[in-house]
Amino acid sequence: MNEEILKQHLKAMQVQCRSNSSFGQFYNSNRLAGIQALVKANKNGNNYQLMFDGLSCKIYAKNGMIDPDKPVTLVSSHVDTVPTKLFCIEDEEQRLLKGTFDNTITNAACVYLMTQMDMPDNTVFTFTADEETGYCRGAKATVDYLIRQGVPKEMITAISLDVTYEGYADCSFTIENAKNTYATEMFMDCINSLDKPYVYAKQYSDEAPANARHVSHRPSWFDEGAAYNTHIGVDAFSFCMPVKGDGGMNDMHSNNGVFARTDAFVDYTESLCAVIHEYDRTLEQTCTKVYESEEERVM
């Protein structure tokens with residue numbers, strides 16, 4: 001992984017992107033234009049293209065196409081931002097980054113994976129509006145579009161990316177807001193196969209699966225992953241980047257910014273890439289069995 005390119009992408013993300021609370025649609029799309037420019041300028045042959053230019057979501061797929069007969073791994077990263085003065089500074093000696101990273105840091109990870117890494121064919125990236133309001137209409141618009149393309153809802157798995165205050169000193173990623181289902185157990189098997197420390201923060205209304213290690217004593221906050229699970233009805237897991245506030249819990253949504261460990265950011269991006277590949281292989285082998293098992297458990 002090229003750390004310098006990853007950090008360049010992060011700094012390029014420090015421009016505004018906002019959506020309105022009435023309709024959940026973008027009204028400031030500067031960062032979205034930057035994402036599109038970076039994807040178009042890519043010369044590595046990954047060929048991600050804008051598949052859907054929606055009012056509340058921008059969806060990218062390889063060659064701008066998906067196979068509706070195969071499972072879709074949907075990597076979702078909201079781009080609406082609360083802070084008004086976005087920035088990113090680096091302390092190279094201490095290997096620290098500080099900036100307004102909710103949710104620019106995961107936007108950068110997505111751009112890096114689309115432009116620098118070889119991703120599975122049916123891995124779709126969506127940049128969504130309306131997460132900060134709590135309505136998550138960009139996430140819903142994304143799933144609605146995929147369904148219109150012929151993808152059954154049962155064949156969509158969403159990996160929602162965000163920042164978290166969990167695990168800053170101990171790990172490079174957390175898993176949050178996953179429902180305790182067979183699909184979650186399968187996903188956690190893929191996480192465990194990475195053999196890296198993580199924190200599992202259970203959804204407020206659910207229990208952690210038996211194969212989750214390092215379970216937090218605190219439930220996770222509502223985020224887009226919870227919206228996919230609870231309101232939209234697709235299996236989802238929040239894959240979060242640990243950060244630390246300098247002045248308090250509100251720093252995530254303030255102009256003060258938060259700290260992120262540079263090494264953790266690199267490992268977060270590498271781990272996300274690895275788990276997407278592992279989960280894609282697992283879905284290809286077991287997708288039908290997973291949902292048959294879910295039906296049996298409900299009956």
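Reader: Within what distance do the axes of H4 and H6 come, and at roughly what angle do they cross?

Author: Two packed helices are described by the angle between their axes and the distance between the axes. In this predicted model, where local features need pLDDT of at least 70, side-chain atom pairs count only at pLDDT 80 or more, and totals for chains, interfaces and linings use all residues, the axes of H4 and H6 come within 10 Å and cross at roughly 55 degrees. That makes H4 oblique to H6, since angles under 35 degrees count as roughly parallel, over 145 as roughly antiparallel, 65 to 115 as roughly perpendicular and the rest as oblique. The axes are lines fitted to C-alpha atoms, for helices over the stretch in contact, and angles run from 0 to 180 degrees between N-to-C directions. Residues are numbered from 1 along each chain as its sequence is written, and side-chain values use heavy atoms, with hydrogens and water left out.

Reader: Which residues make the contact between H4 and H6?

Author: On H4 the contact is made by Ala139, Lys140, Thr142 and Val143, and on H6 by Glu224, Tyr228 and Ile232, where contact means heavy atoms within 4.5 Å. Helices (H or I, at least four residues) and strands (E, at least two) are DSSP runs, numbered from the N terminus.

Reader: Why is H6 described as largely enclosed by the rest of the structure?

Author: H6 is largely enclosed because seven of its nine residues are buried; buried means under 20% relative accessible area, exposed over 50%, and partly exposed in between (1.4 Å probe, protein chains only). Among the buried residues are Ala226, Ala227 and Asn229, and what covers the buried residues of H6 includes strand S5 (72-78), strand S8 (123-128), helix H4 (137-148), strand S9 (156-164) and strand S12 (235-242). At the start of this helix, a side-chain oxygen of Asp223 reaches to within 3.0 Å of the backbone nitrogen of Gly225, while Gly233, whose phi is positive, near 85 degrees, follows H6.

Reader: What is the order of the strands in the open sheet?

Author: Strands of a sheet pair through backbone hydrogen bonds, either parallel or antiparallel. Here the eight strands of an open sheet have the order S3-S4-S8-S5-S9-S12-S10-S11, with mixed pairing, and two strands pair if DSSP finds at least two bridges between them. The edge strands are strand S3 (48-53) and S11, each of which pairs on one side only.

Reader: How many bridges join S8 to S5, and how many to S4?

Author: S5 and S8 run parallel and are joined by six bridges, whereas S4 and S8 pair in the antiparallel sense over four. Thr123 in S8 is the bridge partner of Thr73, Ser76 stands opposite Thr126, and Tyr60 stands opposite Phe125.

Reader: Which side chains of S8 point one way, and which the other?

Author: In a regular strand the side chains alternate between the two faces of the sheet. In S8, Thr123, Phe125 and Phe127 point one way and Val124, Thr126 and Thr128 the other way, and all are buried.

Reader: Is Tyr204 buried or partly exposed, and what does Tyr204 touch?

Author: Tyr204, which is found in the loop between strand S11 (199-201) and helix H6 (224-232), is partly exposed, with a relative accessible area of 45%. Not counting residues up to four places away in sequence, Tyr204 touches Asn177, Pro219, Ser220, Phe222 and Thr230.

Definitions and conventions:
A polar contact is a pair of N or O atoms within 3.5 Å; within protein, one must be able to donate a hydrogen and the other to accept it, and residues adjacent in sequence count only if both atoms are side-chain atoms.
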